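Here are my notes on the model you sent over, written as numbered points. Have the structure open while you read.

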Amino acid sequence: METKIKVLKGTTTVGIVARDSVVLAADRRASAGFFVANKMVRKILYITDKIGVTTAGSVADLQFIYNILKNLYHYNYVAGNRPTTVKALATYLANLLSQNKYFPYVVQILLGGFDNAPRLFNLDYFGDMTEEKYVATGSGSPVAMGVLEDGYSENISGDEAMDLAARAVLAAIKRDSYTGTGVIVTKIDPTGHVEKEVYPNKKI
Amino acid sequence: MAFGPAAMGYDRAITIFSPDGDLYQVDYAFQAVKKGWTTLGVKTKKAVVIAGEKKRSMLVDIDSVEKIFLIDDHVGCSFAGLASDGRILIDYARNSSLQHRLVYDEPISIDYLTKLVADVKQAYTQHGGVRPFGVSLIIGGVDKGVPKLFMTEPSGQYMPYLAVAIGENYTTATEYLQKNYKDDLDVEDTIALAINALRSSRQGGEKIGPSEVEIGYAAADTGIFRKLSLEERAQILQKLG
């Protein structure tokens, strides 16, 4: 049963708050038990141009939650209402997850974006929400975290943070079998986001 | 009671339009507002002020009667019309503000809060078995450093205002505000303008005592809505002469 459900349990995602941007990174492997269910999955999604999420957990739950957040944001945007900040979305999501903690959405989400300042939040399926300067989640997080601890400094530039995030996920690809294929890195700043893809092997 | 062809019962069920396109019960609710104590709001670049008149009545403890209501740290409110109806809407506004903080960890915007309250009022002009709210609310507050002022009507209509007056002497107060409104006043002068407008609306230029007025304001720089104490009101009134 377990192997039949596509669950992105094995994953590595990374988030870094840089000087004037937020960087998110995630690998591209979807695993179902020992089986690689998909080699080219996209785990970074955008709620707006300037708010991104990295996703890990049940794909079904993630898609559902992603749609809720996107709807919430765009309804409020069109209606001229707040809230439209990263913190507001994170708080809303933390409430949603907390309310469902006895039959939870199995997700681990990084919410990163730029409103007045670069913000990064880590949320888990019980509704825990923490604001972070740098963070790694998923099965490869111990490996990735080591790289981040070594390379992170306050006031890191956006491009340096992109390289660091990619390096962290690539390290996890090497040492965690549930993490693989390559990395999508994104940098979110006041003008929007730019993405970069990094692959250790060309042949996929 | 006459049930001639003129009435036809159009004023009985509020969900029914008259042939002229009026909802009579809603129109009557406006009359209830016009009977209420005069209340007004003024917004300048530096502050938003809400002032309301309190009428003496023999054995009522006037200093314990509330006329300005705190909704949240950054929002205050007053109303004219049926006080009991007003209380319900104020309670709703308070709960909505709290819920917004719980769900989003952010103070509610004044626009959105006003819309929520006005939506309730609108619902009571369209559903059967209910009557409209006989109150107009003045909602004022500071939203990300910018003063905001709104007034909602029994119909559910709401508008942003620079200055607005409701209640029995709203016409004279509005005239005064039209003549004397400026948007570059500081906080104290905005309060003074509100008090003077309230005074001008009193019949025969009757003096106003500190117990007969209540004032709430939010300055743009602090973003906090607070009410003036009896002593502060006495001081300001003395200064204004």
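**Notes on the model**

1. Let's start with the surroundings of Thr11(A). Setting aside residues up to four places away in sequence, Thr11(A) touches Asp27(A), Lys43(A), Thr55(A), Ala56(A), Thr137(A), Gly138(A), Ser139(A), Gly140(A), Tyr178(A) and Thr179(A). Bear in mind that this is a predicted model.

2. Why look there at all? UniProt, in an unreviewed entry, lists Thr11(A) under "active site". In the model, Thr11(A) sits in the loop between strand S1 (7-8) and strand S2 (13-17) of chain A. Its relative accessible area is 0%, so Thr11(A) is buried. The side chain of Thr11(A) also makes a polar contact, at 3.1 Å, with the side chain of Lys43(A).

3. Another salt bridge in chain A joins the side chains of Glu195(A) and Arg42(A), at 2.8 Å from N to O. Here the partners are 153 residues apart, with Glu195(A) in strand S13 (residues 192-198) and Arg42(A) in the loop between S5 and S6. Glu195(A) is partly exposed at 31% relative accessibility, and Arg42(A) is partly exposed at 36%.

4. Now chain B. Arg202(B) forms a salt bridge with Glu212(B), and their closest N and O atoms are 3.9 Å apart. Both residues lie in the loop between helix H5 (187-200) and strand S9 (213-219) of chain B, so the pair ties together parts that are 10 residues apart in sequence. Arg202(B) is buried at 9% relative accessible area, and Glu212(B) counts as buried at 13%. Through shared partners, salt bridges join Glu53(B), Arg56(B), Arg202(B) and Glu212(B) into one network. Over all chains, the count comes to 20 salt bridges.

5. Thr114(B) is also worth a look. It lies in helix H3 (residues 110-123) of chain B, and at 0% relative accessibility Thr114(B) counts as buried. Apart from neighbours within four places in sequence, Thr114(B) is in contact with Ile139(B), Phe150(B), Thr152(B) and Tyr158(B).

6. On to the interface. The contact takes 11 residues from chain A and 12 residues from chain B. About 1100 Å² is buried between chain A and chain B, and carbon and sulfur atoms give 46% of that area. Which residues form the salt bridge across it? Asp105(B) and Lys87(A) do, through their side chains, at 3.7 Å from N to O.

7. Helix H1 (59-79) and helix H2 (86-99) of chain A each supply at least two residues of the side that touches chain B. The largest share, five residues, comes from H2(A). By class, this side of chain A has four nonpolar, five polar and two charged residues.

Definitions and conventions:
Residues numbered from 1 in each chain as written. Chains lettered and ligands numbered in written order. Predicted model: local features only at pLDDT ≥ 70, side-chain atom pairs only at ≥ 80, totals over all residues. Heavy atoms only, no water. Contact = heavy atoms within 4.5 Å. Buried area = accessible area lost by both parts, 1.4 Å probe. Salt bridge = Lys/Arg side-chain N within 4 Å of Asp/Glu carboxyl O. Helix = DSSP H or I, 4+ residues; strand = E, 2+ residues; numbered from the N terminus. Nonpolar A, V, L, I, M, F, W, Y, C, P; charged D, E, K, R; others polar. UniProt positions renumbered as here; feature names shortened; annotations may be inferred. Buried < 20%, exposed > 50% of the residue type's maximum accessible area, 1.4 Å probe, protein only. Polar contact = N/O pair within 3.5 Å; in protein donor to acceptor, adjacent residues only side chain to side chain.
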